[in-house]
Amino acid sequence: MSDYGLAEVELEMPASVYEKGKLSPFAPLADVLHQLMRGTSAIEDGHTLTLCNLHAEIEWDTLLTTGGEGYRVVMTDEPTPQHLLKPEH
(Lines give C-alpha, C1' and ligand atoms only; values in the text may rest on other atoms or scores of the structure.)
Protein backbone atom coordinates (compact mmCIF):
# COMPACT_ATOMS: atom_id res chain seq x y z
CA MET A 1 0.00 0.00 0.00
CA SER A 2 2.88 2.38 0.71
CA ASP A 3 3.80 2.19 -3.00
CA TYR A 4 0.53 4.05 -3.62
CA GLY A 5 1.08 6.55 -0.81
CA LEU A 6 -1.44 4.79 1.44
CA ALA A 7 -1.14 3.41 4.94
CA GLU A 8 -1.01 -0.33 5.50
CA VAL A 9 -4.30 -1.98 6.43
CA GLU A 10 -4.88 -5.10 8.50
CA LEU A 11 -8.23 -6.78 9.06
CA GLU A 12 -9.17 -8.58 12.26
CA MET A 13 -12.23 -10.80 11.94
CA PRO A 14 -13.78 -12.93 14.71
CA ALA A 15 -13.38 -16.67 14.25
CA SER A 16 -17.14 -17.05 14.69
CA VAL A 17 -17.65 -15.31 11.35
CA TYR A 18 -15.31 -17.25 9.09
CA GLU A 19 -15.32 -20.64 10.85
CA LYS A 20 -19.07 -21.02 10.37
CA GLY A 21 -18.73 -20.09 6.71
CA LYS A 22 -20.69 -16.86 7.11
CA LEU A 23 -18.05 -14.85 5.29
CA SER A 24 -14.72 -15.30 3.56
CA PRO A 25 -11.94 -13.24 5.19
CA PHE A 26 -11.10 -11.89 1.75
CA ALA A 27 -14.50 -10.26 1.12
CA PRO A 28 -14.23 -7.40 3.68
CA LEU A 29 -10.51 -6.95 3.06
CA ALA A 30 -11.11 -6.60 -0.67
CA ASP A 31 -13.87 -4.06 0.06
CA VAL A 32 -11.60 -1.93 2.28
CA LEU A 33 -8.71 -2.03 -0.19
CA HIS A 34 -11.00 -1.22 -3.11
CA GLN A 35 -12.41 1.81 -1.29
CA LEU A 36 -8.94 3.06 -0.35
CA MET A 37 -7.56 2.66 -3.86
CA ARG A 38 -10.55 4.49 -5.39
CA GLY A 39 -10.33 7.23 -2.78
CA THR A 40 -13.97 6.75 -1.77
CA SER A 41 -13.24 5.98 1.87
CA ALA A 42 -11.76 8.25 4.49
CA ILE A 43 -10.54 5.74 7.04
CA GLU A 44 -9.33 7.36 10.24
CA ASP A 45 -8.55 6.23 13.75
CA GLY A 46 -11.75 5.94 15.80
CA HIS A 47 -14.09 5.69 12.81
CA THR A 48 -16.66 2.93 12.46
CA LEU A 49 -17.86 1.33 9.25
CA THR A 50 -19.99 -1.48 7.91
CA LEU A 51 -18.24 -4.26 6.02
CA CYS A 52 -20.35 -7.02 4.52
CA ASN A 53 -23.20 -6.02 6.89
CA LEU A 54 -20.96 -6.36 9.97
CA HIS A 55 -19.85 -3.60 12.32
CA ALA A 56 -16.16 -2.67 12.30
CA GLU A 57 -14.00 -0.10 14.08
CA ILE A 58 -10.77 1.49 12.88
CA GLU A 59 -7.64 1.73 15.02
CA TRP A 60 -4.21 3.18 14.24
CA ASP A 61 -1.87 0.67 15.82
CA THR A 62 1.04 -1.67 15.35
CA LEU A 63 0.04 -4.30 12.82
CA LEU A 64 0.30 -7.90 13.92
CA THR A 65 1.31 -9.10 10.44
CA THR A 66 4.16 -6.70 9.63
CA GLY A 67 5.06 -4.97 12.89
CA GLY A 68 4.67 -1.62 11.16
CA GLU A 69 2.09 1.01 11.99
CA GLY A 70 -1.14 1.22 10.09
CA TYR A 71 -4.91 0.89 10.19
CA ARG A 72 -6.38 -2.13 11.94
CA VAL A 73 -9.95 -2.81 10.90
CA VAL A 74 -11.49 -4.73 13.81
CA MET A 75 -14.71 -6.45 12.80
CA THR A 76 -17.39 -7.82 15.10
CA ASP A 77 -19.84 -10.66 14.49
CA GLU A 78 -22.75 -8.24 14.98
CA PRO A 79 -24.51 -6.10 12.37
CA THR A 80 -23.90 -2.36 12.53
CA PRO A 81 -26.18 -0.81 15.18
CA GLN A 82 -29.08 1.10 13.63
CA HIS A 83 -28.24 4.36 15.44
CA LEU A 84 -24.90 4.46 13.59
CA LEU A 85 -26.61 4.08 10.20
CA LYS A 86 -28.82 7.17 10.59
CA PRO A 87 -27.38 10.46 9.31
CA GLU A 88 -27.04 13.27 11.82
CA HIS A 89 -28.74 16.58 11.05
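The model is predicted: local features need pLDDT of at least 70, side-chain atom pairs count only at pLDDT 80 or more, and totals for chains, interfaces and linings use all residues. Residues are numbered from 1 along each chain as its sequence is written, and side-chain values use heavy atoms, with hydrogens and water left out.

Start with the overall fold. The protein has three helices and four strands. Both are DSSP runs, numbered from the N terminus: helices are H or I with at least four residues, strands are E with at least two. Along the sequence the pattern reads β-α-α-β-β-β-α. Of the 89 residues, 26% count as buried. Buried means under 20% relative accessible area, exposed means over 50%, and partly exposed lies in between, with a 1.4 Å probe and protein chains only. Contacts (heavy atoms within 4.5 Å) also span the sequence. Among those with a separation of 6 or more, 47% come from residues 24 or more positions apart.

Now the sheet. Its four strands form an open sheet in the order β1-β4-β3-β2, with mixed pairing. Two strands pair if DSSP finds at least two bridges between them. The edge strands are β1 (8-12) and β2, and each pairs on one side only. Neighbouring strands are turned by 35° against each other on average, direction ignored. Axes here are lines fitted to C-alpha atoms, for helices over the stretch in contact, and angles run from 0 to 180 degrees between N-to-C directions.

Take the pairings in turn. β1 and β4 are parallel, over five bridges. Glu 12 stands opposite Val 74 in β4. β2 and β3 run antiparallel, joined by four bridges. They form a hairpin with two residues between them. Cys 52 in that turn has a positive phi of about 55°. Leu 49 stands opposite Ala 56 in β3.

β2 shows two faces. Leu 49 and Leu 51 point to one face and are buried.

Next, the core. A nonpolar core is a set of buried Ala, Val, Leu, Ile, Met, Phe, Trp, Tyr and Cys residues joined through side-chain atoms within 4.5 Å. The largest one has 15 residues, and Leu 51 and Met 75 have the most contacts inside it. The elements giving two or more residues are α2 (26-38), β2 (48-51), β3 and β4. α2 lies across β1, β2 and β4, running at about 155° to β1. Leu 51 touches Leu 11, Pro 28, Asp 31, Val 32, Ala 56, Val 73 and Met 75, not counting residues up to four places away in sequence.

There is one aromatic pair. The rings of Trp 60 and Tyr 71 have centres 4.8 Å apart and planes at 75°, so the pair is edge-to-face. Rings of Phe, Tyr and Trp (its six-membered ring) pair if their centres lie within 6.5 Å; planes under 30 degrees apart count as stacked, over 60 as edge-to-face and the rest as tilted. Trp 60 is in β3 (54-62) and Tyr 71 in β4 (69-75). Trp 60 is partly exposed, at 39% relative accessible area. Tyr 71 is buried, at 18%.

Finally, turn to Thr 80. Thr 80 sits in the loop between β4 and α3 (82-85). With a relative accessible area of 10%, Thr 80 is buried. A polar contact of 2.5 Å joins the side chains of Thr 80 and Thr 50. Such a contact is a pair of N or O atoms within 3.5 Å; within protein, one must be able to donate a hydrogen and the other to accept it, and residues adjacent in sequence count only if both atoms are side-chain atoms.
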